[in-house]
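This report concerns the packing of helices and the open spaces between them. The sequence and the model are shown below.

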Amino acid sequence: VCFKNCLKLYLENYKKSISICNLTGNKRSKAVALNNLGSVYRNIGKYDIALECFKKAVQINLEIGNEDFLARNYDNMGMTYLTIADSLLNENKDAEANQYFKDAKSILISAIGLQEKKGAKTSLAKASTTMGRVCTKLKEYADAETYLTNSIATLIEVGVPKYLKDAYMYLAELYFKMASER
């Protein structure tokens, strides 16, 4: 009961925040709020609403030239496409899943490009880990290995063990897939 009530309050307050941003004309804060709201909707399985929030945030960030948050929006969209694709795979809808994996790859390329340009190493590493997962699903194993090993090297350099463990886990899954297909 508490989770549902807290989630409802969370969503209501983010929507109020967005309304205030609309009144004050604070586009940057509105884009941040939309991005955060999209993440919540993704986490509760409302993928269409999540993508709608991310796309609105992208539109705003393009308009105001905010490349830092644009990269985050792209990364979140890529993660959402990946999540949708994994759900479709679980339902044996391989062709649909494959399209979402391709959509994830396309948008993550944009995220990675912006993060490289800005020198945002931790964000770059996170997006590269996600891209490694996507490439693994698309059976683009050489690319997956490159993204994951680059992510690991960057995460070791910046010292972020929280994300490093995930990158190693996905690299292990890649090697398992490669071995099982031989």
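At what angle do helix 2 and helix 4 pack, and how far apart are their axes? In this predicted model, the two helices pack at an angle of about 15°, with their axes 11 Å apart. Because an angle under 35 degrees counts as roughly parallel, helix 2 is roughly parallel to helix 4. Their crossing is left-handed. On the side of helix 2, the contact is formed by R28, V32, N35, S39 and R42, which meet F69, R72, N73, N76, M79, T80 and T83 of helix 4. By class, the residues of this contact comprise three nonpolar, six polar and three charged.

Helix 2 also packs against helix 3, which spans residues 47–64. Here the angle is about 160° and the axes lie 8 Å apart. An angle over 145 degrees counts as roughly antiparallel, so helix 2 is roughly antiparallel to helix 3. This crossing, too, is left-handed. Helix 2 contributes K27, R28, K30, A31, L34, N35, L37, G38, S39, Y41 and R42 to the contact. From helix 3 come Y47, I49, A50, C53, F54, K56, A57, I60, N61, E63 and I64. The contact of helix 2 with helix 3 holds 12 nonpolar, four polar and six charged residues.

| Helix pair | Packing angle | Distance between axes |
|---|---|---|
| Helix 2 and helix 4 | about 15° | 11 Å |
| Helix 2 and helix 3 | about 160° | 8 Å |

The largest pocket holds about 440 Å³ of space. Two or more of its lining residues come from each of helix 2 (27–43), helix 4 (67–90), helix 6 (121–137) and helix 8 (161–180). Helix 6 provides the largest share of this lining, with five residues. In total, 17 residues line the largest pocket, and D75, N76, M79, K126 and Y163 lie nearest its centre. N76 and M79 also belong to the contact of helix 4 with helix 2. The lining of the largest pocket consists of three nonpolar, eight polar and six charged residues.

The second largest pocket holds about 150 Å³ of space. Its lining is made up of D86, R133, T136, K137, Y170, E173, F176 and K177.

Conventions:
Residues are numbered from 1 along each chain as its sequence is written. This is a predicted model: local features need pLDDT of at least 70, side-chain atom pairs count only at pLDDT 80 or more; totals for chains, interfaces and linings use all residues. Side-chain values use heavy atoms; hydrogens and water are left out. On a 1 Å grid over the protein atoms alone, a cavity is a set of points where a 1.4 Å probe fits but cannot get out, and a pocket is an open set with protein on both sides within 12 Å along at least five of seven lines; lining residues have an atom within 4 Å of a point. Grid points are joined across faces, edges and corners, and a volume is the space filled by probe spheres set on the points. Helices (H or I, at least four residues) and strands (E, at least two) are DSSP runs, numbered from the N terminus. Ala, Val, Leu, Ile, Met, Phe, Trp, Tyr, Cys and Pro count as nonpolar, Asp, Glu, Lys and Arg as charged, and the others, Gly among them, as polar. Axes are lines fitted to C-alpha atoms, for helices over the stretch in contact, and angles run from 0 to 180 degrees between N-to-C directions. Angles under 35 degrees count as roughly parallel, over 145 as roughly antiparallel, 65 to 115 as roughly perpendicular and the rest as oblique. A crossing is left-handed if the near helix is turned anticlockwise from the far one by less than a right angle, and right-handed if clockwise. Contact means heavy atoms within 4.5 Å.
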